[in-house]
Amino acid sequence: ITNKSELEEKLKKIRGDRVVFKPDQGSSARGIIICKKDELLKKVKEIKEVMVLQEFVECNRNNRIRMHFGVYDIRVVLSQGKIVDSYIRASKKNVLMSNTALGGKMIFIHKEELPSGILKDLKTIEKKFKHYKSRLYTVDFVIDKKGKVWLIELNDKPGIFLQKDSYAWKKRRKRIAHAIIKNMESYEKRS
């Protein structure tokens, strides 16, 4: 979305009563607005960059994810079509965004623990992307109150955290570093 008239038209197509309005490019939850649909036009004075409008999907807060009862999403990191990491991003209390830059926490999960709906969606995405030389990206999902899996976004510049010192982080760091190297080698072979 690049202007307010386009925003007005797209808002009419949103079925729910809450929306997410965010920059097309960015990180760390910069510029994200979550509000009631009828309040968005008042909050947006002008549009200076390409924006994305999405229906807000209420996650199933009553369904405990590990030790967390709040807003969360599930991020999966893929390299060359293979899952190299997956984790839940759990929000701080009373925050509607699960971004770790806003104080949320990462709860690592094994790929075997990922819901079947997420694995199915990942296969579909990878079929579309497999012709690209180099594929290192993340996919974010939410599971709603009815158990339906929603694709929230894909990130071509995944935030990968390699600086932690715990044993779990050291194992992850090695696996992620290996995936990055394999990704670069694959790119060089196809060039």
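Modeller: A residue is called buried when its relative accessible area is under 20%, exposed when that area is over 50%, and partly exposed in between, with a 1.4 Å probe and protein chains only. The model is predicted, so local features need a pLDDT of at least 70 and side-chain atom pairs count only at pLDDT 80 or more, while totals for chains, interfaces and linings use all residues. Residues are numbered from 1 along each chain as its sequence is written, and side-chain values use heavy atoms, with hydrogens and water left out.

At the surface, aspartate 156 counts as exposed because its relative accessible area is 57%. Aspartate 156 sits in the loop between strand S8 (149-155) and helix H4 (167-190), where helices (H or I, at least four residues) and strands (E, at least two) are DSSP runs numbered from the N terminus. Once neighbours within four places in sequence are set aside, Leu136 and Tyr137 are in contact with aspartate 156, contact being heavy atoms within 4.5 Å. Leucine 136 lies 20 residues from aspartate 156 in sequence, and their C-alpha atoms are 6.8 Å apart.

Helix H3 has 14 residues, and its first and last C-alpha atoms are 20 Å apart, close to the expected 20 Å, a span taken as 1.5 Å times one less than the number of residues. Its buried residues are Ile118, Leu122, Ile125 and Glu126. They lie on the same side of H3 because they cover an arc of only 100 degrees around the axis, the arc being that of the directions from the helix axis to the C-beta atoms. These buried residues of H3 pack against S4, S5, S7 and S8, whereas the face turned away from them carries exposed Ser116, Lys120, Lys123, Lys127 and Lys128.
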